[in-house]
Amino acid sequence: MSGFPSFPYRNTKLCVESVALDRIAAEFGTPCYVYSRAALTAAYREFDSAFAGRDHLVCYAVKANSNLAVLNLFARLGSGFDIVSGGELQRVLNAGGDPQKVVFSGVGKRPDEMRAALAAGIFCFNVESEAELATLNRIAAEMGKIAPVSLRVNPDVDAKTHPYISTGLKENKFGIPFDEAEKLYLSARQFAHVHITGLDCHIGSQLTELDPFVEACGKMLGLLDRLEAQGLQIEHLDLGGGLGIRYSAEKPPAARDYVAALCADIGQRSQRILIEPGRALVGNAGLLLTRVEYLKHTPHRDFAIVDAAMNDLIRPALYDAHHEILPVTANGSNAKTYQIVGPVCETGDFLGHDRKLALSQGDLLAVMSAGAYGMSMSSNYNTRPRAAEVMVDGDRIHLIRERESMEQLLAGEKILP
Ligand code: LLP
């Protein structure tokens, strides 16, 4: 076994569902993102079913992986969506998502993005400041609409995760300071074109313990009770995303235990519960397939130079993130300690340090747990066309995004006359 249930070894070949990865490389080339439909479906169902009979909405955080096929798959399963831009709204609509299941998060929503979301009739705007509330009120008034709003409150809880992806501390740019939230909720009543419907928080990403979630949830429930006592009607509570996944040795709580812990805290309250998971729905349902271009042995280190790079998967370079790297054909002999690096001209361009692998030129490698924040954070740095994306469904392989062509990559650029 590979340790990744959706990607088992069969006869020494690493597979996704019933398909061997070397077949995908032969057909679609490398680098290539590969996703498992069964793994995506199972991850969604685990969250969704954990709510049992309670009124809830799972809003998949589109930023984690915004491929239309992925969004469409979740839409078909009944998912809602958490978006952070007009672009993500467009993707959700194109993928057949229901706008009435969309929440719009983010600290810097532009007026044109607000307009598009109001026109689409989204479920809720998660507003992060008084200035944003005033702007939304103005835009809604111009359109003759009432904007449904939650205030995103910053509960000042330590998520105990990487500082770049921790969002719920008082020094972070996110949310309305906890101590000011009540005042803003009450003064929001003066805005005729916003209607307060909910309460929202999100404390960070890749959390591997339940405690910070429970602490944040408790603070939000206290606030909820105080708001209700003042006569405000809060119809839903959005507890954000952030549940971590196993990249190597982490032991994050299972989705069902996470949901159960939140539900236990919420008790008999009648509000609809929203969550915004991203990574936990897609992270371990995808991998990045890459080929060894060259082996380079120096007196100090052994390098495997592969055809995927930091432009394809920036997480190692940006967060020093660890992704397991597995051989597509298992062949235990002659393992060496390799630095797995890409062709980009930066020392930070690595996918893994000190990996024990037996490698030859031309071998295929799978960079695991790359379904979340892989393709969606990719770039064209070094004028590298973006990778292809493939989704496997049983024994079928679907190309869900073509490899970018050089024509597409250069299409928008113009030289001076
Ligand atoms: N809701 C809000 C308001 C968010 O800002 C995020 C993620 C999520 C939900 C989904 O969080 P998740 O369930 O995926 O942890 N690029 C980083 C992660 C950035 C997360 C940003 N916000 C990474 O590769 O680790």
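Visitor: What kind of side chains can pair when their charged atoms come close?

Guide: Side chains of opposite charge can do so. In this predicted model the count comes to 16 salt bridges.

Visitor: Where do Glu-27 and Arg-23 lie?

Guide: Both are in helix 1, four residues apart, which is about one turn of the helix.

Visitor: Which residue meets Asp-225 in a salt bridge?

Guide: Arg-269 does, at 2.7 Å, N to O. Here too the pair links distant parts of the chain: Asp-225 is in helix 8, while Arg-269 is in the loop between helix 9 (255-266) and strand 13 (272-275), 44 residues apart. Asp-225 is partly exposed at 34% relative accessible area, and Arg-269 is partly exposed at 26%. As for shared partners, salt bridges join Arg-37, Asp-393 and Arg-396 into one network.

Visitor: Which residues form a negative surface patch?

Guide: For a patch, one looks for like charges among residues that have no salt bridge. Here Asp-158, Glu-171, Asp-211 and Glu-215 form a negative surface patch. Glu-215 is placed in helix 8 (residues 211-229). Patch members need over 30% relative accessible area; Glu-215 has 43% and is partly exposed.

Visitor: Is Asn-126 buried or exposed?

Guide: Buried means under 20% relative accessible area. Asn-126 has 0% relative accessibility, so this residue counts as buried. Asn-126 belongs to strand 8 (residues 124-127).

Visitor: Where is Asn-382 found, and what does it contact?

Guide: Asn-382 is in the loop between strand 19 and strand 20. At 34% relative accessibility, Asn-382 counts as partly exposed. Leaving aside neighbours within four places in sequence, its contacts are Pro-343, Val-344 and Cys-345. Separation can also be read as a distance: Asn-382 and Leu-287 are 95 residues apart in sequence and 22 Å apart in space, C-alpha to C-alpha.

Visitor: How many residues apart in sequence are Ala-75 and Ile-146?

Guide: They are 71 residues apart in sequence, and their C-alpha atoms are 26 Å apart in space. Ala-75 is placed in helix 3 (residues 68-76). Not counting residues up to four places away in sequence, Ala-75 touches Phe-81, Ala-95, Gly-96 and Gly-97.

Visitor: Turning to the backbone, which residues have a positive phi although they are not glycines?

Guide: The phi angle is read residue by residue. Asp-354 has a positive phi of about 50 degrees and is not a glycine; its place is in strand 18 (residues 350-357). Tyr-373, also not a glycine, has a positive phi of about 55 degrees. Tyr-373 is found in the loop between strand 19 (364-367) and strand 20 (388-393). At 13% relative accessibility, Tyr-373 counts as buried.

Visitor: Is the peptide bond from Thr-30 to Pro-31 cis or trans?

Guide: The omega angle is the one to read. For the bond from Thr-30 to Pro-31, omega is near -5 degrees, and the bond is cis. Pro-31 is in the loop between helix 1 (21-28) and strand 4 (32-36).

Methods: Residues are numbered from 1 along each chain as its sequence is written. This is a predicted model: local features need pLDDT of at least 70, side-chain atom pairs count only at pLDDT 80 or more; totals for chains, interfaces and linings use all residues. Side-chain values use heavy atoms; hydrogens and water are left out. Patches are made of residues with over 30% relative accessible area and no salt bridge: like charges are joined within 9 Å, nonpolar side chains (Val, Leu, Ile, Met, Phe, Trp, Tyr) within 5 Å. Accessible areas come from the Shrake-Rupley method with a 1.4 Å probe; for residues, only the protein chains shown count as cover. A salt bridge is a side-chain nitrogen of Lys or Arg within 4 Å of a carboxyl oxygen of Asp or Glu. Lys and Arg count as positive and Asp and Glu as negative; His and the chain ends are not counted. The place of a charge is taken as NZ of Lys, CZ of Arg, CG of Asp or CD of Glu. Helices (H or I, at least four residues) and strands (E, at least two) are DSSP runs, numbered from the N terminus. Buried means under 20% relative accessible area, exposed over 50%, partly exposed in between (1.4 Å probe, protein chains only). Contact means heavy atoms within 4.5 Å.
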